[in-house]
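Have the model open while you read, and go point by point.

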Amino acid sequence: MIAANWKMHMTSAEAGSYVTDLIKRVKDISRTEIVLCPPFTALGTVDQMIAHSNIKLGAQNMYPAEKGAITGEISPLMLKDIGCSYVILGHSERRSIFGETDEDVNKKARMAMECRLLPIICIGETLEQKKAGDTERVIASQLKGCLTGIGDMEGVVIAYEPVWAISGGDPDIKPATPEEAQKIHSRIRSVIQEIYDKDTAESVLILYGGSMKPENAADLLAQPDIDGGLVGSASLKPESFEPIITAAEKSQE
Ligand code: PEP
């Protein structure tokens, strides 16, 4: 799976031109699941444009209730209604800017699953945690916290996004090396095995995020435990997103 997290970018008109271009570029992709996660305001436009294509739709957040007096929030049923198959939960920007905790992410993930919306659950350590040698403990604790009470992992996607590697387009921020990322992905799979079982651990998709770009996608995707990417800045232009999708497709040949 290669998923685009557009964050707070793209008007509906911009999204429309992007999708017109991307659809042509990826029409022959058959092994890789392509997911676009636009801002809420562009979901409707993108949904209409990707009908009959090989692209799926995801949102970037949701509130954990079906409906209610909760001004300014969007429910999982609304996301299903507008065509979403996926929802990104617990992105580090939600955690750092809005104070979301593993418990919040867990509530959202459980409600998403109840509404048959598949969560892409983001986890990842900060630079301070990495420097303190705390990465594996943080990852295990986030996974356990986010997955509490989720009995069936079918369709749940985990995205490992080391916070120190998320660039937002800043060229000075360096991504994890393929070896560094593989080590943590393998640890994530073992924690999932500890919580669930071997079959679940083997089948769960673990995406890497934290500057997957055309230059490093093939090397990251060649790692045995990296099953795809959650792509931020490089997903904002079809010309930089397409080579990442093509690298994913080739990695499965
Ligand atoms: C992200 O924040 O999900 C992300 C991966 O960003 P970038 O690709 O810009 O590092």
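1. Search the whole structure and you find one cavity of 30 Å³ or more. A cavity here means a set of points, on a 1 Å grid over the protein atoms alone, where a 1.4 Å probe fits but cannot get out. The largest cavity holds about 130 Å³ of space, a volume being the space filled by probe spheres set on the points, with points joined across faces, edges and corners.

2. Before going on, note that this is a predicted model, in which local features need pLDDT of at least 70 and side-chain atom pairs count only at pLDDT 80 or more, while totals for chains, interfaces and linings use all residues. Residues are numbered from 1 along each chain as its sequence is written, and side-chain values use heavy atoms, with hydrogens and water left out.

3. What takes up the largest cavity? The ligand does (to sit there, more than half of its atoms must lie within 2 Å of the grid points).

4. Now look at the ligand's neighbours. There are 15 residues around the ligand, and Lys 7, His 91, Glu 161, Ser 167 and Ser 233 are the closest (near means a heavy atom within 4 Å). This shell has two nonpolar, 10 polar and three charged residues. Ala, Val, Leu, Ile, Met, Phe, Trp, Tyr, Cys and Pro count as nonpolar, Asp, Glu, Lys and Arg as charged, and the others, Gly among them, as polar.

5. Which side chains have an N or O atom close to a ligand oxygen? For Lys 7 the distance is 2.5 Å, for His 91 it is 2.7 Å, and for Ser 233 it is 2.7 Å. A polar contact is a pair of N or O atoms within 3.5 Å. Taken alone the ligand exposes 290 Å², and the protein buries 100% of that (Shrake-Rupley method, 1.4 Å probe).

6. A pocket is an open set with protein on both sides within 12 Å along at least five of seven lines, and lining residues have an atom within 4 Å of a point. Its lining has 24 residues, with Lys 7, Met 8, Gln 60, Glu 93 and Arg 94 nearest the centre. By class, the pocket lining splits into 10 nonpolar, 10 polar and four charged.

Key. A polar contact is a pair of N or O atoms within 3.5 Å; within protein, one must be able to donate a hydrogen and the other to accept it, and residues adjacent in sequence count only if both atoms are side-chain atoms.
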